[in-house]
Amino acid sequence: MPVYALYAVWFGASGLSEAQISALFVIWSVVGLVVEVPSGALADRFSRRGAVVAAGLGQAVGYAVWALWPTFAGFALGFALWAIGGSLDSGAREALLYDALAAAGAQARYARLIGATTAAGLLAEVPAAGLATLLWSVGGFTAVAWASVGTCLLAAVVATRLPETRPDPGSGPDGSTDRSTDRSTDGRTDDDEPGYRAALRAGIAEAAARPAVRALLVPVAVLAGVDAVEEYFPLLAADWSVPTGFVPLAVVATSVAGAAGAALAGRVAGLSRWRLAAVVAGAGAALAVAAALAVPAGMVLVAAFYGAYRMVLVVLQARLQDRIGGPARATVTSVAGLATEVVGIGVFAAWAVGGVWPVVVAALAVAALLPRLLRGDGRG
């Protein structure tokens with residue numbers, strides 16, 4: 001998305017103060033938090049493919065608002081639409097892919113495919129940034145915005161061709177039927193209630209009450225939320241005396257490392273819980289050494305951290321999908337997305353106080369907890 005590289009600069013060039021720019025980010029986060037889980041339930045109740053298509057359309061409208069109304073109010077409305085679009089995609093996309101694979105008996109391919117798409121997204125940041133620079137030189141921020149509108153619309157069109165497979169209500173990960181949660185406290189069945197309400201309740205209940213799912217929600221949310229640290233990589237490079245002209249290269253190298261880690265996830269999806277914990281611990285240790293040295297070469301260790309962390313995150317996200325049963329997969333995944341947003345906000349706040357060190361602590365805490373949380377998953 002070309003606009004990703006320049007939207008913060010655009011806000012400043014439009015005369016917004018730092019306080020106003022921060023307020024925009026708060027609006028973005030708050031709207032995303034509010035609609036994350038309800039949007040997952042909508043996808044489960046109606047159509048996950050439809051949710052992914054609507055996500056592209058909503059984001060496109062948001063960027064169009066920016067192009068036509070580049071003021072604080074216009075940027076705020078665009079961010080709200082972007083947040084709604086992102087929430088519609090979150091959960092629905094993962095559920096769409098997993099259930100399609102499950103219908104073909106190919107769930108084991110999920111980690112490889114989601115890892116490949118994650119890697120492609122990270123690598124796409126490189127040409128997108130170059131395209132943004134070219135578009136800006138030709139038509140300014142407006143050209144960047146309209147190109148991003150076109151990108152979103154193209155993605156929405158492609159999404160209409162995705163196959164959608166819906167699981168049988170009450171079926172578990174192994175295809176069995178679980179009737180234990182069919183009844184509410186007053187004896188009614190889910191079929192007696194409105195479909196959306198039933199989907200929302202079922203997804204939240206599974207995320208909160210099913211130990212196997214709840215145990216993985218914690219490390220997935222923490223590791224996914226830690227991705228907020230990516231916003232600070234340019235600042236780290238500058239603080240560690242990386243020459244200004246080389247800061248973009250250092251940041252790109254880190255993104256490439258993250259893409260490599262995500263792409264490798266499918267190959268290491270069967271790692272034992274102890275080895276996964278060791279990888280996370282090693283990543284945290286690499287980041288700690290880099291922070292302690294605070295020299296340009298430390299960005300190599302940051303890249304190693306990012307690649308290892310991305311690899312484990314994809315593996316854990318795949319195992320979370322394996323543990324989700326029933327038809328509310330998008331809602332449960334959206335609960336994880338909600339927790340991720342909360343952790344991400346915590347990372348922003350913690351960075352303001354302690355810099356990179358709270359991220360190190362979070363990584364080491366996840367490494368310590370993983371063997372216990374993954375116990376009983378059949379992988380040692």
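Buried means under 20% relative accessible area, exposed over 50%, and partly exposed in between (1.4 Å probe, protein chains only). The views show a predicted model in which local features need pLDDT of at least 70 and side-chain atom pairs count only at pLDDT 80 or more, while totals for chains, interfaces and linings use all residues. Residues are numbered from 1 along each chain as its sequence is written, and side-chain values use heavy atoms, with hydrogens and water left out.

View A. Val65 sits in helix α3 (residues 48–68); helices (H or I, at least four residues) are DSSP runs numbered from the N terminus. Val65 counts as buried because its relative accessibility is 14%. Apart from neighbours within four places in sequence, Val65 is in contact (heavy atoms within 4.5 Å) with Pro70, Gly74, Leu77, Gly78 and Leu81. Between Val65 and Leu81, 16 residues apart along the chain, the C-alpha separation is 9.3 Å.

View B. Trp146 belongs to helix α7 (residues 125–159) and is partly exposed, at 38% relative accessible area.

**View C. Salt bridges.** The whole structure contains three salt bridges, each a side-chain nitrogen of Lys or Arg within 4 Å of a carboxyl oxygen of Asp or Glu. One of them joins the side chains of Asp99 and Arg48 (2.3 Å, N to O). This pair links distant parts of the chain, with Asp99 in helix α5 (residues 92–103) and Arg48 in helix α3, 51 residues apart. Asp99 and Arg48 are both buried. Another joins Arg93 and Asp89 (2.8 Å, N to O); Arg93 is partly exposed at 38% relative accessibility, whereas Asp89 is buried at 17%.

**View D. The Arg310 and Asp227 pair.** In the salt bridge of Arg310 with Asp227, the closest N and O atoms are 3.0 Å apart. Arg310 lies in helix α13 (residues 298–323) and Asp227 in the loop between α9 and α10 (233–239), so the bridge ties together parts 83 residues apart in sequence. Both residues, Arg310 and Asp227, are buried.

Conventions
Helices (H or I, at least four residues) and strands (E, at least two) are DSSP runs, numbered from the N terminus.
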